[in-house]
Amino acid sequence: MDSRQTLSIFAQGANVHRPSHISSTMTSMNDDHDLEINGFNDLADNDLQQRRRSSRLNSLRFLPDNILLSIFSYLTPLDLVRCTSVCHRWHHLVSHHSHLWRRLFLRPDSTNGYTGAVHVRRLDVFIHAIATRFNSSLLYIDLPIELITTEVLRELAIRCPNLEYLTLDFSSAMQLHDFSDLNEFPCNLKRLCICLSEVIFLEGFMRRIYSFLSSLHTLHIVGTLEKSSLTSTSTPEETDNYETINISKIKGSAPNLRIINLYGVAFVDDNHIEAIASGCIHLECLALNFCIKVTGTSFKNLMNRCRKLTCLLLQNTGIQDEPIMAVNWATTQLSELDISSTDLTEQALLHFFSLVPNLTYLAVPYCDGFTDEVLNLLITRGVLNTCRAFDLSNTVNLNLETVHQFLTSFTNVSHRLEALSYTGNVGINEQFWTDAIRFLHRIKILVIGTSHSWFKQVTRRIHIDQILESCAVNCPQLRRLEIQWDPETLRLSENSSKFIDHLRIRCSSLSSFVLSDGPYYEGAKANFERAERCGVVRTTTMYQTSIISALSYYNELKFN
């Protein structure tokens with residue numbers, strides 16, 4: 001095999017990382033050919049294979065450094081560590097080119113997916129690597145509790161002046177290290193993520209770093225609500241929620257915050273939102289998802305003081321009608337809103353949407369107050385004329401005919417939609433979607449169907465081929481498609497594979513196709529894999545598609 005073939009093996013993608021895997025691949029490609037021609041005995045064959053393997057690996061010497069470095073730049077930190085064990089040359093390239101180490105994942109949770117977490121066994125070796133291997137090129141690092149020490153934070157402050165994103169994971173902590181000598185901390189951070197512990201109070205640690213947070217633009221505080229709900233049988237309201245971090249002091253130390261994400265922080269209430277409103281005049285995005293103690297009484301002052309606030313995410317919060325109706329939403333710049341799984345009534349939503357300006361993002365799944373009258377008000381006022389993403393899944397009081405008319409008759413709205421999710425209605429058939437998809441020319445994310453056993457099982461069969469054909473013809477920009485109907489509901493045909501072919505060819509940007517596990521999923525997966533598009537077809541038991549990536553602050557809101 002010549003050097004060009006060897007290079008092609010390396011460049012196939014991130015799934016081929018291990019040198020041992022490469023060498024075995026190159027050997028197996030020619031084993032049968034060698035045996036057939038030469039006819040040696042077993043010993044001679046083994047010697048020949050070893051010589052061929054050695055000569056092919058030696059051909060890597062002819063690859064220039066810049067080509068190898070370009071290949072290495074696509075690898076995860078874990079793969080880079082493995083590459084240092086291949087040969088002296090690779091060890092030198094990986095160790096002495098710090099630009100390969102811009103992102104470093106050290107938490108065990110990061111092993112899920114493509115990130116590849118690096119496990120640090122010796123703290124002294126890691127501290128030495130910060131100075132010699134990562135230094136000024138390091139932009140992102142996440143630290144588990146065992147690495148959140150005075151020595152590590154001091155080295156990051158001194159050796160990594162360009163560090164912008166730091167994650168401190170205290171979630172599994174039972175006790176903290178001694179930070180009484182902590183006098184250095186990264187001072188040029190743009191984004192800081194703190195994962196809280198249920199039992200550890202962080203004020204002693206935070207007091208040492210408040211003075212270094214003035215450059216922060218984005219703050220993530222990740223709570224333990226989801227973790228506690230999995231291990232406790234009591235309701236969230238009945239559990240003791242300790243204020244393990246002082247949000248008011250962080251706000252006072254970081255006056256330039258633009259994005260604040262408080263995710264599942266059980267102790268956060270309207271008093272904390274009042275404190276944020278009093279000091280963060282540059283705030284543009286506030287995410288309070290799963291902060292169940294927030295009722296909305298602070299929103300009037302929040303919207304009056306934070307005039308730049310355009311994105312408000314309130315999924316699974318305790319917001320109530322009266323506080324929401326007390327805000328003069330007409331004077332705000334709100335353009336992105338998520339009120340999923342809230343208890344707002346139809347009256348409150350009618351009042352709210354009669355004042356709110358035009359929206360570009362709206363999510364109302366599991367919102368029982370979202371009715372036909374509310375949707376008609378949005379259409380009449382033109383609130384959705386600029387809407388790019390709309391999620392109205394599982395809205396039980398919204399009639400199917402109203403949604404059908406909205407998607408097919410008001411084309412000034414449907415033509416602009418880039419993300420749409422409408423699931424949970426058992427009355428939908430394939431004709432509904434073939435009619436609607438004809439007007440979704442800009443759609444990039446589409447979630448349809450009804451998952452198994454949601455309220456009641458669908459009684460009619462869905463012709464999946466017609467829906468795929470409509471997507472292939474009308475949605476050339478489609479990137480993510482999820483069809484939630486279970487295998488018993490989907491109706492196939494002898495030509496189903498041809499319709500899958502058409503979708504795969506016409507929607508060349510499709511990177512995620514999620515289906516319920518069953519025969520149709522297996523057939524679609526095999527179809528895409530034959531076309532060397534592995535990993536596109538996925539199952540609903542492992543993946544869930546959301547329109548959240550359509551948020552303008554999506555990249556900043558990602559925290560794990």
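**View 1. The N-terminal cap of helix α20.** N429 caps the N-terminal end of α20, with a side-chain oxygen 3.2 Å from the backbone nitrogen of Q431. This is a predicted model, in which local features need pLDDT of at least 70 and side-chain atom pairs count only at pLDDT 80 or more. Residues are numbered from 1 along each chain, and side-chain values use heavy atoms, without hydrogens and water. Helices are DSSP runs of H or I with at least four residues, and strands are runs of E with at least two, numbered from the N terminus.

**View 2. The packing of α18 and α20.** The axes, lines fitted to C-alpha atoms over the stretch in contact, come within 8 Å and cross at roughly 25 degrees. The two helices are therefore roughly parallel (angles under 35 degrees). L400, V403, H404, L407 and T408 in α18 meet F432, D435 and A436 in α20.

View 3. With a disulfide defined as a pair of cysteine sulfur atoms within 2.5 Å, the count comes to zero. For C87, the nearest cysteine sulfur, that of C83, is 9.3 Å away. The sulfur of C193 is 4.2 Å from that of C195, its closest cysteine sulfur, which is too far for a bond. C193 is buried, with a relative accessible area of 0%.

Conventions:
Polar contact = N/O pair within 3.5 Å; in protein donor to acceptor, adjacent residues only side chain to side chain. Buried < 20%, exposed > 50% of the residue type's maximum accessible area, 1.4 Å probe, protein only. Axes fitted to C-alpha atoms, helices over the stretch in contact; angles between N-to-C directions. Parallel < 35°, antiparallel > 145°, perpendicular 65-115°, else oblique. Contact = heavy atoms within 4.5 Å.
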